[in-house]
Amino acid sequence: MDLASPLGGKPVVDQTSFLPEYDPEGTFKALYETGRADETQRIADADPEDYDVVLIVGGHGAMYDLAKNEDLHRIINTIYDNGGIVAAECHGPAPLIWTMRPDGSSIIAGKKVTGYPDEIEPEGLLDILPFSLEQEMTKVADYEKGNLDKPAHAVWADKQIVTSRDPFSSKLMGEELVKALKEAN
């Protein structure tokens with residue numbers, strides 16, 4: 001497993017992610033502070049031929065830094081074309097909207113997907129985000145937010161693309177990936 005970010009090095013984390021309502025036990029903060037993510041490789045330097053899975057993590061940064069990143073689109077398409085798995089959680093599905101297949105359509109065109117819904121974005125945030133993830137996904141895919149009263153939601157678009165709704169779906173995403181990798185082997 002390798003970690004990558006647009007610039008390489010230690011990525012900046014939105015400190016809101018560590019608030020008790022999003023990280024009640026401090027699990028994610030503790031993981032970040034271990035230093036495992038201090039030396040990410042640049043996305044542009046990652047060779048997609050070396051990987052069976054690409055997982056795009058969420059956070060609003062994915063909408064700014066990853067959504068239209070052509071290097072990431074190349075990685076997503078190559079892994080998909082090689083029969084690998086493309087996974088994206090929370091706001092992480094943003095790049096899938098603009099990952100174009102050879103026919104010019106989005107990799108998620110017409111497929112069932114999920115991602116962070118508008119109605120649970122913090123008040124006023126939609127006004128400053130570059131776009132609404134839900135609205136953009138709805139334009140190209142069959143967007144489904146799931147039952148917001150349930151703590152986790154993940155959707156397989158096909159046998160190779162899985163998306164999950166929010167930070168509380170991270171564990172479910174991991175379980176789905178492990179299950180799919182076991183079936184593939």
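## About the model

Residues are numbered from 1 along each chain as its sequence is written, and side-chain values use heavy atoms, with hydrogens and water left out. Because the model is predicted, local features need pLDDT of at least 70 and side-chain atom pairs count only at pLDDT 80 or more, while totals for chains, interfaces and linings use all residues.

## The nonpolar cores

Let's start inside. The largest nonpolar core has 32 residues. Such a core is a set of buried Ala, Val, Leu, Ile, Met, Phe, Trp, Tyr and Cys residues joined through side-chain atoms within 4.5 Å. Buried means under 20% relative accessible area, exposed over 50%, and partly exposed in between, with a 1.4 Å probe and protein chains only. Among the residues with the most contacts inside this core are Val54, Ile76 and Leu133. The elements giving it two or more residues are strands E3 (53-56) and E4 (85-89) and helices H2 (61-66), H3 (70-81), H4 (94-97) and H5 (133-140). Helices (H or I, at least four residues) and strands (E, at least two) are DSSP runs, numbered from the N terminus. H3 gives the most to this core, with five residues.

## Helix H3

The buried residues of H3 are Leu72, His73, Ile75, Ile76, Asn77, Thr78, Ile79 and Tyr80. They pack against E3, H2, E4, H4 and strand E8 (161-164). Valine 54 touches Leu72, Ile75, Ile76 and Ile79, and also Ile85, Val86 and Ala87, not counting residues up to four places away in sequence; contact means heavy atoms within 4.5 Å.

## The second largest pocket

This pocket has a volume of about 340 Å³. On a 1 Å grid over the protein atoms alone, a pocket is an open set of points where a 1.4 Å probe fits, with protein on both sides within 12 Å along at least five of seven lines; lining residues have an atom within 4 Å of a point. The volume is the space filled by probe spheres set on the points.

Of its 17 lining residues, Gly83, Ile85, Ala180, Leu181 and Ala184 are the closest to the centre. Helix H6 (residues 170-184) supplies the largest share of the lining, six residues.

## Leucine 172

Leucine 172 also has its place in helix H6. This leucine is partly exposed, with a relative accessible area of 22%. Leaving aside neighbours within four places in sequence, leucine 172 is in contact with Ala152, His153 and Ala154.
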